[in-house]
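Hi,

Here is the structure I said I would pass on. Have a look at it first, and then read my notes below.

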Amino acid sequence: MDVLLDNLDLFGPFFLTTIELFALAAVGSLVFGTILAMLRVSPVPVFRAIGATYVTIVRNTPLTLVFAFFVFAYPLLDIVKISYFTAAVVSLTVYTSAFICEVVRSGINTVPVGQAEAGRALGLQFGQILGQIVLPQALRSVVPPLISTLIALLKNSTIAGGFSVAEAGAIRQYISERGDSQMVALLWVALGFIILVSVLSFVQRSLEKRWSVAR
């Protein structure tokens, strides 16, 4: 307990940064991942190829390499200067979007074909059918894997600590410099993540219960 109380100036701000990092990357991943899923089920071959190529490349690339690109290589392009925090958000978003895409796509495939055909019979365009009919049903069916992907995103955020972002994954290093027990500090960090994951699990159960009744 002493390690926690003596270092609240680290645990508080660093976990807050982790939450901010997760929240921004989660929103970005959900939006971009859904767009990718729409590309993958598009009737236009070029769009399907773009979506499939992105997912194949990113899913098979280690997250650490994605971080290394945006932290070290991207600045050399001298396009737009970004902070380490922003680079971490972009890296997590780019990486997690590929997994969100596959989750959403699997949900789209569970929606009966007759739903889309009914939309076409009413004169709706592909985008309208997807946005107004298919996606609302698809997202309801993929809540568990979607939350599981977000939980993985939360835990993956600790990699940012190795790229100069002051978040929970970097606490051990600072504790070491202060001479306190690193093992005890890691146990507190683990407990913090258990609490955050429990919150996400609660959200998952709540959505499943609510939407199961709605169906």
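Which residues make the nonpolar surface patch of about 540 Å²? In this predicted model, the patch is made by Leu191, Ile194, Ile195, Val199, Phe202 and Val203. Leu191 sits in helix α10, which covers residues 182–214. Is Leu191 buried, partly exposed or exposed? Leu191 has a relative accessible area of 39%, so Leu191 counts as partly exposed.

Now for the chain as a whole. The C-alpha atoms fill a box of roughly 70 × 45 × 25 Å along the principal axes. Of the 215 residues in the chain, 39% are buried. The accessible surface comes to about 11600 Å², and carbon and sulfur atoms account for 66% of that surface.

Two other numbers for the chain may interest you. Take the contacts between residues at least 6 apart in sequence: 79% of these join residues at least 24 apart. As for charge, the chain has 14 positive and 11 negative charges, and their mean positions are 17 Å apart.

I also followed one residue into the interior. Ser29 is found in helix α2, which spans residues 8–40. Its relative accessible area is 0%, so Ser29 is buried. What does Ser29 touch, not counting residues up to four places away in sequence? The list is Thr34, Leu92, Thr93, Thr96, Ser97 and Ile100. For one of these, Leu92, the separation from Ser29 is 63 residues in sequence, while the C-alpha atoms of the two are 7.9 Å apart in space.

Thr34, another residue on that list, lies in helix α2 as well. Is Thr34 buried or exposed? Its relative accessibility is 18%, and Thr34 counts as buried because the cut-off is under 20%. Leaving aside neighbours within four places in sequence, Thr34 is in contact with Ser29, Ile100, Val104 and Leu135.

Definitions and conventions: Residues numbered from 1 in each chain as written. Predicted model: local features only at pLDDT ≥ 70, side-chain atom pairs only at ≥ 80, totals over all residues. Heavy atoms only, no water. Patch = residues over 30% accessible without salt bridge, like charges linked within 9 Å, V, L, I, M, F, W, Y side chains within 5 Å. Areas by Shrake-Rupley, 256 points an atom, 1.4 Å probe, with all protein chains shown as cover. Salt bridge = Lys/Arg side-chain N within 4 Å of Asp/Glu carboxyl O. Helix = DSSP H or I, 4+ residues; strand = E, 2+ residues; numbered from the N terminus. Buried < 20%, exposed > 50% of the residue type's maximum accessible area, 1.4 Å probe, protein only. Contact = heavy atoms within 4.5 Å. Lys, Arg positive; Asp, Glu negative; His and termini not counted. Charge placed at Lys NZ, Arg CZ, Asp CG, Glu CD.
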